[in-house]
Amino acid sequence: MGKSRYKIVKSWVEIKQVVEWCKQTGYCSHDFETSGGSFANQLEYPTIIGISFQVGSSYIIPLGHKESKFKKEYPKILQYLNEHIFMNPTIVKIAWNIKFEHKWLMRFGCNYKGRCFDGMLAKYCLDEERPNDLKSMVTKILPDFTDYEDEVDKLANKLGWANVPLETLSKYCGLDSDLTLRLMIYFEERLIKSGMYGLFRN
């Protein structure tokens, strides 16, 4: 399997450092893991968020996860990320099916400003045929990471998403964030070369 490192953030100092790195690189590939239900259900909540700004690495910020040291204050973390990343027009916000992330952000009064890159939409502009999901594209384009979701899926089916251990969930979320960034680089180049970039952007 290809290499991808992840680190679980444990302090506000580290959160602020991740934000600064996003500002320096101009990229934030992000992915929420949640308790498994709809964002509209007030009993459901985001468990962690993964952030990647360079290929091969990611940072996991625990939110409402039962093992999170931030579980009583995670809305403040989301507000901080919103102010410094999501509403920062100089940072490109990247996700796969970004409307999922957007709904959860709006639940906490957050939003996007500036350029966003939805990997799923990029893939669809280049090839509308199914499948369009992240795991299928990873298998096709980044085969070293094929089936990286197997471990977490088994645990989620057995325990429920809210009860997947933080370490296991973080490894999975970190890969989601990192691989989405890699696919953004892959698809953006092809959108430009194919003449489809204007359609994708507008």
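Predicted model: local features only at pLDDT ≥ 70, side-chain atom pairs only at ≥ 80, totals over all residues.
Asn97 sits in the loop between β5 (92-95) and α3 (98-107), and its phi is near 60°, a positive value in a residue other than glycine.

Asp147 is another residue to look at: its phi is near 70°, again positive in a non-glycine residue. You'll find Asp147 in the loop between α5 and α6 (150-159). With a relative accessibility of 45%, Asp147 also counts as partly exposed. While you're checking the backbone, have a look at the peptide bond from Arg130 to Pro131, which is cis, with omega near 5°. Pro131 belongs to the loop between α4 (119-126) and α5 (134-141).

Now for the rings. The structure holds twelve aromatic pairs. One of them is Phe53 with Tyr59: the centres are 5.7 Å apart and the planes meet at 10°, so this pair is stacked. Phe53 and Tyr59 are both buried, and together with Trp21 they make up one aromatic cluster.

Phe86 and Tyr112 pair edge-to-face, at 5.8 Å centre to centre and 80° between the planes. That pair links distant parts of the chain, with Phe86 in helix α2 (residues 74-86) and Tyr112 in the loop between α3 and β6 (116-118), 26 residues apart. Phe86 is buried, at 0% relative accessibility, and Tyr112 is buried too, at 15%.

Finally, a charge over a ring: the charged end of Arg190 sits over the ring of Tyr186, 3.6 Å from its centre.

Technical notes: Residues numbered from 1 in each chain as written. Heavy atoms only, no water. Helix = DSSP H or I, 4+ residues; strand = E, 2+ residues; numbered from the N terminus. Buried < 20%, exposed > 50% of the residue type's maximum accessible area, 1.4 Å probe, protein only. Phe/Tyr/Trp six-rings, centres within 6.5 Å; stacked < 30°, edge-to-face > 60°. Lys NZ or Arg CZ within 6 Å of the ring centre and 35° of its normal.
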